[in-house]
Amino acid sequence: MLGVKGTSLGFLSAASTVFDANLIAPLIKELAKKAIPVEKDPKLKNLQQTLVSTDGTLLHALLKMLWALWINDQNRAAKLHLEFDILKSIPVNAKITDGNGNEKTVLREFLSPNKLYVLDAGYREFKLFQEIIDANSSFIARLQDNVIWDTIEHKSLTDDDKKAGVQRDMIVRLGSKEKQKDLIRPVRVIEIFPRPSDSDYTFLLVTERMDLSAEIIALIYRYRWQIELFFRWFKCILGCTHLISLSENGVAIQVYCALIASMLITLWTGCKPNKRTFEMLCFYFMGWANEEELAHHIQKLKQSEKVPP
């Protein structure tokens, strides 16, 4: 359609010495602004902040990729650090480092105002929590079981809180006396069953959002799993477990292009990307499916997810 010839994998590999990956990365932010929410949970409509999750995932590399430092000389890996908009189901920021790249350091680079960061236990650092607040954003994070605090108040639980698996809702000063200066304001600690029907163990969530119910905080943290599902899509369907370049710049080009391709699918369809849609697009670009068949598939996809035209 555009008169562009096919491109070989060998040429894509050579492109890592020609193109600068840093010129591609801003396109991710531009496309993210055009997306609309695909998660329609009515309980999340009044958050007043953009709901995002930040995490990292390893991309195993060859031993000859010396820049991809990881466990030892016999194990190499790159790491994708991703900021993911949960309601839009798209990435909004990304960075490639070696496998030892610190996720908390990258999150500090990503910090921006008016966001609600949903974080796993790997981000538990009181100074980082304070920096998120100072950036005019909020956080919901998982705490490790050995954390200590001084309890200020026990909040009463509603029936909805209890149905969501919430066991305790407290306002506390987090950390020991020496650490309390790192997070200068009181926060909430919520003890919850991972699943309301599971009583084998609980985990702890911390947030400075005093206006949200414990039920909503528990619900938001469960949505953190969306970034893990995206990582599976990114690796297994988009094929990014196979790196076609040995340089850091080349790996970044491949990763950014894959993220952009995924975002375009979401923008075109108005739905979360899935394996069948990816296959149909591949068939269309190879000439095995026509435009009418592709449009029919997208229409069926919207009807199944009840997306307005």
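Which residue stands opposite Ala-77 in S2? I looked it up: His-60 does.

First, the ground rules. The model is predicted, so I keep in mind that local features need pLDDT of at least 70 and side-chain atom pairs count only at pLDDT 80 or more, while totals for chains, interfaces and linings use all residues. Residues are numbered from 1 along each chain as its sequence is written, and side-chain values use heavy atoms, with hydrogens and water left out.

Next, the neighbours of S2. Strands here are DSSP runs (E, at least two residues), numbered from the N terminus. Two of them pair if DSSP finds at least two bridges between them. I found 10 bridges between S1 (residues 50–61) and S2, and the two run antiparallel. On to S3 (residues 90–98): eight bridges join S2 to it, again antiparallel. Lys-79 has Thr-97 as its bridge partner in S3. The hairpin of S2 and S3 has four residues between the strands, and Ser-89 takes a positive phi near 60° there.

Is S2 enclosed or open? I checked burial (under 20% relative accessible area, 1.4 Å probe, protein chains only). In S2 (residues 76–85), 10 of the 10 residues are buried, so the strand is largely enclosed by the rest of the structure. Both faces are covered: Leu-80 and Phe-84 are among the buried residues on one side, His-81 and Glu-83 among those on the other.

Last, Leu-2. I found this residue in the segment before helix H1 (9–14); a helix is a DSSP run of H or I, at least four residues. Leu-2 is exposed, with a relative accessible area of 75%; exposed means over 50%.
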